[in-house]
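Okay, thanks everyone. Let me put the structure up, and then I'll talk through it.

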Amino acid sequence: MAKTGALGDTIFRSILLIAAASILLIVAAILVMMASNALPTFERFGFGFLVGREWRPAQEEFGALPFIFGTVVSSLIALILSVPVSLGIAIFLVEQAPQKLARPIAFMVELLAAIPSVVYGLWGIFVLAPFIRNYLGPVLQNNLGFIPLFQGRLTGIGMLTGAMILALMITPIITAVVRDVLEAVPTTQREAALALGATKWETTTIVLGNAASGIAGAVVLGLGRAIGETMAVTMVIGNSPQITASLFEPANTIASLLAANFAEATDRLYLSALIEIGLVLFLVTFVVNSLAKLLILSVTRANKEKQV
Amino acid sequence: MATTGNMFERRRRLTNAVMTALTATCAILVTMLLLVILFYIGARGISSLSFEFLVETPKPVGEGGGIGNAIVGSAMMTLLAAAIGLPLGIAAGLYLAEYGQNWFGNIVRFLADTLIGIPSIIIGIFVYTLVVLPMGRQSGLAGGLALAIIMLPIVARTTEEMIRLVPNSMREGALALGAPQWRVSWNIVLPAAASGIATGAMLAIARVTGETAPLLFTALNSRFYNYYYDQPMSSLTVQIFNYATGPFEVEHAMAWAATLILVALILMINIVVRLVTRKRY
């Protein structure tokens, strides 16, 4: 009896172990396959690949800088637009709204995260882009046109449209994490502040201070998502590898470059260049996500210990 | 002295009121945006929706056509992904919850979380180098595999969380009755967490049904009904992408209609899961 149990245990545990190890294997395999396929371009261009400004596959010229620029700028603008709003929603849901109101709103914000990327892209092309071309763009150009940011052709397709769609897409993600972090702050802190005569908002600022590193984690997580977001951006950013100051001009990101060109890349060097830039994207998101996780854990774990 | 105190007091109250209004505005703004998006999908999608649209294959512009093969392709690839990703993910989650309190478990947990955050297009590239290059062509197999890899860490982590909710007294009771460890995990813990695991599985299925990027160059696309996993396969999402970026009005209308189908499906799964899980608490 005991022996069959022991044998069963060994078999069962081994099966589960293999399943768990498959996750480790996949991550390792992604690294190995991408690195080995990126080798041809890396051998030829070295790190100059990352700072080259020209991207002409036909002439075997591969410079990744315009795509890195586009990725960084679109993600940062998205963060600037999204972070205050996400913080506002999370504070409203956790600190201010009554349960009856908070639940449905929280659910609707979560639904935003469930909508597929390609649907945001479709909406971006046919609703947001015309809105920027006909309303928002002219207003910005007429009033702030002297700033290079707002100069350039107004087609509706470009950096700003991409960044705005990104902002909309990362808002539910940042909101969800900030909510978790705020909820992890012990209620006793709020009660203490209120008992000392603080207003609701003053209490909130104390809670925010306590959760600061977790909120930073949420922002970094949002950044990670924005960097890697592919379809919606591909559809509205214009896919033109240029570095300009204008928010209205088309740009391109690493992920969009891959989405738009990978299927057509038959030439070995071209394919290798695309895989290398994909590897860069992989490593950057890996680091960014790890950082986010550490920051978020620092708050949720510390408060869990305090409460116990 | 009294007046300055009063003014200070008033300013504090004003700040409080303004900030409350501001945060509420943020919440309203974003929920409105969701409604606006859903409204556009409904309003523009419904006009091109018809029975023919749901069963026909894409045709040259002007001759109608539909998304029948895309629906079948999406279903087949999601099915393949679920067939691989669910058992593997649930097993991995069970390991993490029941045996994973060690360095190996910590590494797997960390990598699963990172894998969830990796852009899905990277998974597409990976499967391209792993399956498409050796096979020499794009296929439904490659597409399904890419979706399975996206599902795996999500299912593993939600399964782990659900199993952790199972009270230890249940395990202890079964062990005290002489059941071996694996019997406890398989016959007691897993059934107890089943509904939670099913919830996670449904959400993971909804998530991969909406994926486009990893299918672009693994499954590619097809203009015909294709029931074979070794051939390029159409999917709803890639079809929406192609229609949306096409030059013709007719194509755009079809993109909205296909989107209506896709979003209705995904939102339905999300709402049903939400209603079912809320009952339990």
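This is a predicted model: local features need pLDDT of at least 70, side-chain atom pairs count only at pLDDT 80 or more; totals for chains, interfaces and linings use all residues.

Residues are numbered from 1 along each chain as its sequence is written, and chains are lettered from A and ligands numbered from 1 in the order in which they are written.

So, how many residues of chain A are in contact with chain B? It's 68, against 73 residues of chain B, where contact means C-beta atoms, placed from the backbone, within 7 Å. On the chain A side, helix H1 (residues 2-45) gives the most, with 19 residues; helices here are DSSP runs of H or I, at least four residues, numbered from the N terminus. That side of chain A splits into 47 nonpolar, 17 polar and four charged residues. Nonpolar is Ala, Val, Leu, Ile, Met, Phe, Trp, Tyr, Cys and Pro, charged is Asp, Glu, Lys and Arg, and the others, Gly among them, are polar.

Now chain B. Its domain assignment, automatic or from a database, gives domain 1 (1-46) and domain 2 (51-280). Their C-alpha centres lie 37 Å apart, and five residues of domain 1 are in contact with five of domain 2. The domain 1 side of that has two nonpolar, two polar and one charged residues.

Last one: in chain B, the axes of H3 (residues 68-98) and H6 (residues 140-164) come within 5 Å and cross at roughly 35°. Axes are lines fitted to C-alpha atoms over the stretch in contact, with angles from 0 to 180 degrees between N-to-C directions. By class, the contact of H3(B) with H6(B) has 19 nonpolar, nine polar and four charged residues.

Note on methods:
Helices (H or I, at least four residues) and strands (E, at least two) are DSSP runs, numbered from the N terminus. Two residues are in contact if their C-beta atoms, placed from the backbone, lie within 7 Å.
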